[in-house]
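Here are my notes on the model, as numbered points. Please read them alongside the coordinates.

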Amino acid sequence: NHQGWDPAAPVGTSILAVADGTVYAVRDEDAGDYGRTLTLCLDTPANDDVRYAFYAHLSRIDAKAGQVVRAGEVLGASGDSGNARGMALADQHLHFEARTVPSPGRGLDGRVSPGRAFGWKAPLT
């Protein structure tokens with residue numbers, strides 16, 4: 001099992017807010033499996049009470065914790081931080097999760113398939 005989706009995204013691809021919300025947390029250091037991360041608290045819960053969107057392996061973060069953002073606003077750029085470091089171009093990706101809690105820990109608890117949460121029919125490519 002995997003905790004989210006890994007849509008293809010060459011390093012430097014703009015990442016966008018999936019919905020209106022407030023930036024809950026930013027980790028702007030290349031540490032751990034996820035590397036640079038951003039957690040967005042959604043203004044309106046998605047299906048299954050998903051309240052947070054989580055973005056990982058970022059190369060750049062343009063938003064700050066506490067910042068209010070609109071759907072479609074650029075939050076930063078995909079990258080190769082964390083365990084995505086050094087991946088070949090064909091394997092570069094954004095790690096994206098839909099969460100019911102901001103920091104669920106290991107395993108699948110606190111996470112929902114982004115497809116089910118946001119009504120997406122197929123993985124992003």
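1. Basis. This is a predicted model, in which local features need pLDDT of at least 70 and side-chain atom pairs count only at pLDDT 80 or more, while totals for chains, interfaces and linings use all residues. Residues are numbered from 1 along each chain as its sequence is written, and side-chain values use heavy atoms, with hydrogens and water left out.

2. Fold. The protein chain has one helix and eight strands (DSSP runs, numbered from the N terminus: H or I of at least four residues for helices, E of at least two for strands). The order along the sequence is β-β-β-β-β-β-β-β-α. The radius of gyration, taken over C-alpha atoms, is 13 Å, close to the 14 Å from the globule rule for 125 residues, so the chain is as compact as a globular protein of that length. That rule is 2.2 Å times the number of residues to the power 0.38.

3. Packing. Buried residues (under 20% relative accessible area, with exposed over 50% and partly exposed in between; 1.4 Å probe, protein chains only) make up 41% of the 125 residues. Take contacts (heavy atoms within 4.5 Å) with a separation of 6 or more: residues 24 or more positions apart account for 61% of them.

4. Largest pocket. Its volume is about 390 Å³. A pocket here is an open set of points on a 1 Å grid over the protein atoms alone, where a 1.4 Å probe fits, with protein on both sides within 12 Å along at least five of seven lines. The volume is the space filled by probe spheres set on the points, which are joined across faces, edges and corners. Of the 23 lining residues, Gln 3, Asp 33, Tyr 34, Arg 99 and Arg 111 are the closest to the centre; lining means an atom within 4 Å of a point. β2 (21–27), β3 (36–42), β4 (52–61) and β7 (95–99) each supply at least two lining residues.

5. Thr 37. Where does Thr 37 lie? It is in strand β3. Thr 37 is buried, at 8% relative accessible area. Beyond four places away in sequence, Thr 37 touches residues including Ala 25, Val 26, Phe 54 and Leu 58.

6. Glu 73. This residue sits in the loop between β5 (68–69) and β6 (74–78). Glu 73 is partly exposed, at 28% relative accessibility. Its C-alpha atom is 8.3 Å from that of Ile 15, 58 residues apart along the chain. Ile 15 is also among the residues that Glu 73 touches.
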